[in-house]
Amino acid sequence: EGAEAFAHIKNLEDTYFNRDIEQYFMSHSKQSFERLTKPGLYLANLIGNMYTPSLYGCLISLLIQTPWERLQGMSRIGLFSYG
């Protein structure tokens, strides 16, 4: 079943706590997460939350988990922090 199953939902607010929508998008974004985000979580998974240095820990994780050949092809690495 595709995203069209949710076409009947007209209000954005109705999607916020909709478990079916969450599961759909989690399953369809898994490959992107594994490729783009998971390498940056290596140290966080080993150490736990570091709060302030977590941004730099994620950058180091990405650098040590990504093959050099792939890093050479990257023109940008995005980092963000909140809280």
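Tutor: The account below begins with helix α3 and then turns to other parts of the chain. This is a predicted model, in which local features need pLDDT of at least 70 and side-chain atom pairs count only at pLDDT 80 or more, while totals for chains, interfaces and linings use all residues. Residues are numbered from 1 along each chain as its sequence is written, and side-chain values use heavy atoms, with hydrogens and water left out.

Helix α3 comprises residues 54-65. Helices here are DSSP runs of H or I with at least four residues, strands are runs of E with at least two, and both are numbered from the N terminus. The expected span of a helix is 1.5 Å times one less than its number of residues. For the twelve residues of α3 this gives 16 Å, and the end C-alpha atoms are 16 Å apart, which agrees.

A residue is called buried under 20% relative accessible area, exposed over 50%, and partly exposed in between, with a 1.4 Å probe and protein chains only. The buried residues of α3 are L55, G57, S61 and L62. They lie on the same side of α3, because they cover an arc of only 160 degrees around the axis; the arc is that of the directions from the helix axis to the C-beta atoms. Y56 and I64 are exposed on the other side of α3.

The buried residues of α3 pack against α2, a helix that covers residues 42-47. Contact means heavy atoms within 4.5 Å. S61 counts as buried because its relative accessibility is 0%. Apart from neighbours within four places in sequence, S61 is in contact with P39, G40, L41, Y42 and L43. G57, also in helix α3, is buried because its relative accessible area is 7%. When residues up to four places away in sequence are not counted, G57 touches L43 and M50. The C-alpha atoms of G57 and L41 are 8.2 Å apart in space, although the two residues are 16 apart in sequence.

A nonpolar patch is formed by Y42, L46, I47, I60, L63, I64, I77 and L79, which together have about 750 Å² of accessible area. Such areas come from the Shrake-Rupley method with a 1.4 Å probe, and for residues only the protein chains shown count as cover. Patches are made of residues with over 30% relative accessible area and no salt bridge; like charges are joined within 9 Å, and nonpolar side chains (Val, Leu, Ile, Met, Phe, Trp, Tyr) within 5 Å. Both α2 and α3 supply at least two residues of the nonpolar patch. I60 is one of the patch residues and lies in helix α3; I60 counts as partly exposed because its relative accessibility is 44%.

Charged pairs come next. Side chains of opposite charge can pair when their charged atoms come close. A salt bridge is a side-chain nitrogen of Lys or Arg within 4 Å of a carboxyl oxygen of Asp or Glu, and a search of the whole structure finds two. In one, the side chains of R19 and E22 meet at 3.0 Å, N to O. These residues are separated by about one helical turn, because they are three residues apart in helix α1 (residues 19-37). R19 counts as exposed at 54% relative accessibility, whereas E22 is partly exposed with a relative accessible area of 39%. A salt bridge also joins K38 and E34, whose closest N and O atoms are 3.6 Å apart. K38 counts as partly exposed at 41% relative accessibility, and E34 is partly exposed with a relative accessible area of 35%.

Some C-alpha separations complete the description. F25 has its place in helix α1 and counts as partly exposed at 47% relative accessibility. F25 and G2 are 23 residues apart in sequence and 10.0 Å apart in space, C-alpha to C-alpha. G2 is found in the segment before α1 and is buried, with a relative accessible area of 17%. M74 lies in the segment after α4 (68-72) and is partly exposed, with a relative accessible area of 28%. The C-alpha atoms of M74 and H8 are separated by 39 Å, the residues being 66 apart along the chain.
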